[in-house]
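Here is a short briefing to read with the model open beside you.

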Amino acid sequence: MTTVRDLAATDDDEEITMLTAYDAPTAGIVDDAGVDVILVGDSLGNAVLGYDSTLPVTVEEIRSHTAAVARATDDALVVADMPFLSYGVDESETIEHCGRMLKEADANAVKLESGPHTVEVTERLVDLGIPVMAHLGLTPQRVNQLGGYSRQGTDEESAGELLDLATAHEAAGAFALVLEHVPANVAAQITEALDIPTIGIGAGPDTDGQVLVLNDVFGLSDRTPPFSTQFGDVRAEMEGAVERFRDAVESGEFPADEHSYDEDAIDDLY
Ligand code: KIV
């Protein structure tokens, strides 16, 4: 079982692997493949629940999907991604929502999309025994404020702010930091400045690990972000299977004799 301490102790020449998963079958596949961390991302909203953004995702949805993932996971660290406005508004509510992920869903840690408002709460959660993964750069829950899903930290001032926030979250006790959609040289410098591991998505090769959304990796997403790569074509496989089923039923090929039986003891019912 991977722990937050194992991640912190990862050697510089070892890459940390992290993928999202949202249900038991795919979590089992990711875990069996030896991926270090499974993130039950709030990308659940787009990837599974059919929302246009992550904003509508609820605490209950993340709790339920995290529990399914945790039931199927033996080795990977399971991290629950806290949804928009479920943290950072009111301290006791934040603690209750994050605590539910560990108490009721068997998560090992939570992830917060971070900013100046999450430094204190990160410290409080860590004090209470809830490990926190921080997340800086593009934080999709701020899409309305950012005006889209654009690259962050692209000038010296904003890159410096990211570095300051990264060190503040490390000091607050975060055990790892996700850096999303930031220039590779900014991610490299933040990684260099921190002792905790950084895990990049669209942040170049010099972070301590990489994370992607599973639907993109599988080849199941409608749109794949420019910094991601499809490592499979699951959509084509699924479409092929569904079409073969439809054709077989329509042609009478399915069900065949071996898929059903007659009960000899039953004669005419009427
Ligand atoms: O929700 C998510 O999938 C994420 C990853 C992209 C890091 O936050």
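Contact here means heavy atoms within 4.5 Å. This is a predicted model, in which local features need pLDDT of at least 70, side-chain atom pairs count only at pLDDT 80 or more, and totals for chains, interfaces and linings use all residues. Residues are numbered from 1 along each chain as its sequence is written, and side-chain values use heavy atoms, with hydrogens and water left out.

**Overall picture**

- The chain has 11 helices and 8 strands; these are DSSP runs numbered from the N terminus, with helices being H or I of at least four residues and strands E of at least two.
- Along the principal axes, the C-alpha atoms fill a box of roughly 80 × 40 × 35 Å.
- Of the 270 residues in the chain, 46% are buried (buried is under 20% relative accessible area, exposed over 50%, partly exposed in between, with a 1.4 Å probe and protein chains only).
- Taking contacts between residues at least 6 apart in sequence, 56% join residues at least 24 apart.

**Nonpolar cores**

- A nonpolar core is a set of buried Ala, Val, Leu, Ile, Met, Phe, Trp, Tyr and Cys residues joined through side-chain atoms within 4.5 Å.
- The largest one holds 29 residues, and M18, V37 and M133 touch the most other members.
- Elements giving two or more residues to this core include β1 (16-20), α2 (24-32), β2 (37-40) and β3 (77-81), and β2 gives the most, with 4 residues.
- Beyond its neighbours within four places in sequence, M133 is in contact with M18, V37, V79, V110, K111, L112, F175, A176, V178 and I199.
- A second, separate core has 18 residues, among them L44, M82, V110 and L112.

**Helix α2**

- T26, A27, G28, V30 and D31 are the buried residues of α2.
- They pack against β1, β2, α4 (59-71) and α10.
- G34 follows α2 and has a positive phi, near 85°.

**Surface**

- F84, L85 and V89 form a nonpolar surface patch with about 290 Å² of accessible area together.
- Patch members have over 30% relative accessible area and no salt bridge, and nonpolar side chains (Val, Leu, Ile, Met, Phe, Trp, Tyr) are joined within 5 Å; a salt bridge is a side-chain nitrogen of Lys or Arg within 4 Å of a carboxyl oxygen of Asp or Glu.
- V89 lies in the loop between β3 and α5 (91-103) and is exposed, at 59% relative accessible area.

Note on methods: Patches are made of residues with over 30% relative accessible area and no salt bridge: like charges are joined within 9 Å, nonpolar side chains (Val, Leu, Ile, Met, Phe, Trp, Tyr) within 5 Å. Accessible areas come from the Shrake-Rupley method with a 1.4 Å probe; for residues, only the protein chains shown count as cover.
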